[in-house]
Amino acid sequence: MSTPQTKVPAGTWKLDPVHSAVGFEVDYLAGTFRGQFTDIDVQLDIEVNGAAIEGTARVASVDVKDENLAAHLQSPDFFDAERHPELRFLAREIDLDGDTVVAPGEITIKGVTKPVEVTGTLSEPITDAWGGERLGLALSATVDRTEFGLNWNTPLPTGDQALSNEVTIVAELQLVKAA
């Protein structure tokens, strides 16, 4: 673990799932397609000598604006939810410099684990209306979906592909300090 340079107190910070989201953005046809996972879990551990984060998303919880598309995303063409029910991210050495976060780690999608660097921002903790300590964490990373076996595509009349291989994963998280 790297030494955190942050005003966030040491301890375990657990996800507030109601006020958090993990999603994805990918260029599709003439714009950007977005979706999210509604069943997520994240834990941030900050110690005097370092910080680590682990997060998961249940593939079956993928949320898009069409139930047929959601089923397609859960199929073997994409995430293969039956054989690979969970996406996972783990970073054991987070660099926390003020409000900047750099988290080199590993992401597992469809059973394939690859290195990825997640970057973002971390808010200073606040005391919420119920006396708990809370902080915000905004993260993103870009991956090539084909490196994980998500290869579905369809050609356009121009010969270009309808769906980009580059996908941005975005997380807007609120974390509460565990008692």
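**Salt bridges, rings and strands**

Visitor: How many salt bridges are there?

Guide: The structure holds 7 salt bridges, each being a side-chain nitrogen of Lys or Arg within 4 Å of a carboxyl oxygen of Asp or Glu. This is a predicted model, in which local features need pLDDT of at least 70 and side-chain atom pairs count only at pLDDT 80 or more, whereas totals for chains, interfaces and linings use all residues. Residues are numbered from 1 along each chain as its sequence is written, and side-chain values use heavy atoms, with hydrogens and water left out.

Visitor: What does Arg 134 pair with?

Guide: Its partner is Asp 128, and the closest N and O atoms of that salt bridge are 3.4 Å apart.

Visitor: Which residue meets Lys 177?

Guide: The side chain of Glu 133 meets Lys 177 in a salt bridge, at 4.0 Å from N to O. This pair links distant parts of the chain, because Lys 177 lies in strand 13 and Glu 133 in strand 12, 44 residues apart. Strands (E, at least two residues) and helices (H or I, at least four) are DSSP runs, numbered from the N terminus. Lys 177 is partly exposed at 26% relative accessibility, and Glu 133 is partly exposed at 30%.

Visitor: What about Glu 86, which partner does that one have?

Guide: Glu 86 forms a salt bridge with Arg 88, with 2.7 Å between the closest N and O atoms. Glu 86 is partly exposed, with 28% relative accessibility, and Arg 88 is partly exposed too, with a relative accessible area of 33%.

Visitor: Where does Arg 88 find its bridge partner?

Guide: The bridge partner of Arg 88 is Thr 108, in strand 9. Strand 7 and strand 9 pair in the antiparallel sense over 3 bridges; two strands pair if DSSP finds at least two bridges between them.

Visitor: What else pairs with strand 9?

Guide: Strand 8 (residues 95-97) runs antiparallel to strand 9 and is joined to it by 3 bridges. One of the residues concerned is Asp 97, whose bridge partner in strand 9 is Thr 100. Strand 10 (residues 112-122) also pairs with strand 9 in the antiparallel sense, over 10 bridges, and there Gly 105 has Val 116 as its bridge partner.

Visitor: How many residues sit between the strands in those hairpins?

Guide: The hairpin of strand 8 and strand 9 has 2 residues between the strands, and Gly 98 takes a positive phi near 65° there. The hairpin of strand 9 and strand 10 has 2 residues between the strands as well, with Lys 110 at a positive phi near 55°.

Visitor: Changing topic: how many aromatic pairs are there?

Guide: The count comes to 4 aromatic pairs. Rings of Phe, Tyr and Trp (its six-membered ring) pair if their centres lie within 6.5 Å; planes under 30 degrees apart count as stacked, over 60 as edge-to-face and the rest as tilted. Phe 24 and Phe 33 form a tilted pair, with ring centres 6.2 Å apart and planes at 45°. Phe 24 is buried, at a relative accessible area of 9%, whereas Phe 33 is partly exposed at 24%.

Visitor: Which cluster do they belong to?

Guide: Phe 24, Phe 33, Phe 37 and Phe 79 form one aromatic cluster.

Visitor: And what is the geometry of Phe 78 and Trp 152?

Guide: Phe 78 and Trp 152 are a tilted pair, 5.7 Å from centre to centre with 45° between the planes. Phe 78 lies in the loop between helix 1 (67-74) and strand 7 (86-91), and Trp 152 in the loop between strand 12 and strand 13 (163-177), so the pair ties together parts that are 74 residues apart in sequence. Phe 78 is buried, with a relative accessible area of 6%, while Trp 152 is partly exposed, with 26%.

Note on methods
Buried means under 20% relative accessible area, exposed over 50%, partly exposed in between (1.4 Å probe, protein chains only).
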